[in-house]
Amino acid sequence: MPDDLLTVTNLKKYFKTPKGLLHAVDDISFSMARGKTLGLVGESGCGKSTTGRLLLRLLEPSSGEVFFEGKDVFKLGTMELRELRKEMQIIFQDPFSSIDPRMSISETIEEPLKINRMYTDKKARLERVFELMAMVGLADRYADSYPHELDGGRLQRVGIARALSLNTKFIVCDEPVSALDVSIRAQVLNLMGELQEKLGLTYLFITHDLAVVNHFSDEIAVMYLGKIVEQSPAEELFLNPVHPYTEALLSAIPQPTMTRTGKKIILKGELASPIDPKPGCRFASRCGYAREICSQEEPLLRSVGTGHRVACHLFSERRAVTA
Amino acid sequence: MTMERTDAEIKPLIPRRRRKSRGSAIWRRFRRNRLAVVGLAIIATLVLAAVFADVIGDYRTKAIKINVRERHIHPNLDHIFGTDEFGRDIFVRVVHGTRISLFVGIISVSIALFFGGTLGAIAGYYGGRVDTVIMRLLDVLLAIPVILLAITIVAALGTSIINLMIAVGVANIPGFARVVRAAVLGVKSNEYIEAARAIGSPNYKIIFNHVLPNCFAPIMVYATLKVATAIMATAGLSFIGLGVKPPTPEWGSMLAAGRGFIRDHMHEVLFPGLAIMLSVLSLNMIGDGLRDALDPRLK
């Protein structure tokens, strides 16, 4: 694909723990089209955030590669990495923890500009700060405020402004609205959408909230215990989920209708431990369709339609049953 | 959105309020603690006494000059704290002693804060092997009681005020390293540290711009309390003859000199002793008040 901004191949991150190796991210590959949003969905602890941090090299991987515009992110030297970080940024879940409480709003937004020496002239730099604040919908009067004086939604806007302050092309959005009040969520999401359009940004949108991701993503990847189990264009995934886990996730979205169609699939059993996982499909222990092969052989991602990939042994079999 | 701004429009926004509201909130909480305010008042008095010591009583003629005719005078209007065995005015000597005690206390804590703080920040920030090496080495120092370590250092370097400050400072390095390290570890887990890395901040800038300012509260509290122990250590070392040498007026050595006459001339140990007690006590009260004021959650 020619217009991929970012390509990930066989990315792995294992953490050493006293109990064994924790497979946080286990051999995932995907690519992201420029100007589009990839939604990364999964339950807590499945490695979504770790993936996001690996892409920005905030964590060092155990193995694998990430190419950003052809540059191998993990092989860059300190200075090259610093250059690259002007182009890739991150927005965090909790704005109260991701913004230094001892810095005023304008100082926070100004910091990336200062550190990367984007403006030699202080006046020009401050002008840029105000421009950014206007861009994310923050009134000038907040410039000298401190984080504890702002609410979550405004603070998250500060986080977005900080992420945009450089020549940002790609933003990892790590559950950017999960910590916000429902009433503010839509505002922040709309803002992010507008900015994407205006600036041609590419988002990796990490969330556990499928309703949000449906609204926001062009493509969705579903993660389960460090693996991508299904990846497909957003509409396709919602119309035609293939992996049993995706099915279960989708059935759990609240429906604003009186007459519910479709049954809620309630997953039984516990999440398997990501520490030294057993061979076979990681979802097998909770899967309603599991067969013998599922606990023996690891299913690989294979294509089941245009841009639709799934890692499940039973795909063809189940398709035959339902058809 | 294009933003056209004239100078005049930007300027009023630039002078920052500079955490004024934050400071006043801290002061309000501090004031609520009566003991802390009393402590602050006492320390303020001591500082004033130290600054104006020469006005209160000339060092040469009153603090160290021997006056055989006025030995062992009990407190009266001329000598409100009385005089010692060499006829020197104890009030003037206690006032001049304040200078030494506060000076040694603050300088030695600064030494400990600088070195201990740097080591602790590095250990806490980088973690892993760096952390292990630094902290285990400091643990070795920590295994030796502070006063014993200070005695050893003074004994090795020789007795002088500067060596005393070095000794007390070095002996306190491990404590500061621990406190700073713990604070850094707490701050490090915040996402704004990660955000700073993401915008390309080099490590030293992250430490100075984000980590240390957010560690300010516990470090400040600990430093205040440690000034108190440093004053005690100074007095203690001088008492056993390893600190400030006579005739320099130092509280500890005044105690040592007066202790032989405690039965008949109690005032000779009472007043320097009171001075030590008051300064240590009030510093501790300030420290407690600061802890409550700077971080309500620390209680």
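## Strands 4 and 5 of chain A

In this predicted model, strand 4 of chain A, which covers residues 63-68, is joined to strand 5 of chain A by two bridges, and the two strands run antiparallel. Within this pairing, A:Phe67 has A:Asp72, a residue of strand 5, as its bridge partner.

These two strands belong to an open sheet of four strands in chain A, in which the order is 2-1-4-5 and the pairing is antiparallel. The edges of the sheet are formed by strand 2 (20-33) and strand 5 (71-72) of chain A, each of which pairs on one side only.

## A cysteine in a loop of chain A

Further along chain A, A:Cys287 is found in the loop that lies between helix 10 (244-251) and strand 11 (302-305). Is A:Cys287 buried or exposed? Its relative accessibility is 15%, and because buried means under 20% relative accessible area, A:Cys287 counts as buried. From A:Cys287 to A:Ser303 the separation is 16 residues in sequence, while in space the two are 21 Å apart, taken from C-alpha to C-alpha.

## Helix 3 of chain B

Helix 3 of chain B runs over residues 34-51, so numbered along its chain, and its 18 residues reach 26 Å from the first C-alpha to the last, which is close to the 26 Å expected at 1.5 Å a residue. At the start of this helix, the backbone nitrogen of B:Leu35 has a side-chain oxygen of B:Asn33 within 3.3 Å.

Which residues of helix 3 of chain B are buried? They are B:Ala36, B:Gly39, B:Ile43, B:Leu46, B:Ala49 and B:Ala50. When one looks down the axis of helix 3 of chain B, these buried residues fall within an arc of 145 degrees, and therefore they line one face of the helix. On the other side of helix 3 of chain B, the residues B:Arg34, B:Thr45 and B:Val51 are exposed.

## Cavities

The structure contains three cavities of 30 Å³ or more, and the largest cavity holds about 80 Å³ of space. Residues of chain B line this largest cavity, among them B:Asp84, B:Phe86, B:Arg93, B:Met254, B:Gly258, B:Glu268 and B:Pro272.

Where in chain B does the lining of the largest cavity come from? Helix 6 (90-126), helix 12 (251-258) and helix 13 (267-294) of chain B each supply at least two residues of that lining, and the largest share, three residues, is provided by helix 12 of chain B.

Notes
Residues numbered from 1 in each chain as written. Chains lettered and ligands numbered in written order. Predicted model: local features only at pLDDT ≥ 70, side-chain atom pairs only at ≥ 80, totals over all residues. Heavy atoms only, no water. Pairing = 2+ DSSP bridges. Expected span 1.5 Å × (residues − 1). Buried < 20%, exposed > 50% of the residue type's maximum accessible area, 1.4 Å probe, protein only. Arc of directions from axis to C-beta. Polar contact = N/O pair within 3.5 Å; in protein donor to acceptor, adjacent residues only side chain to side chain. 1 Å grid on protein atoms, 1.4 Å probe; cavity = no way out; pocket = protein on both sides within 12 Å on 5 of 7 lines; lining within 4 Å. Points joined across faces, edges and corners; volume = space filled by probe spheres on them.
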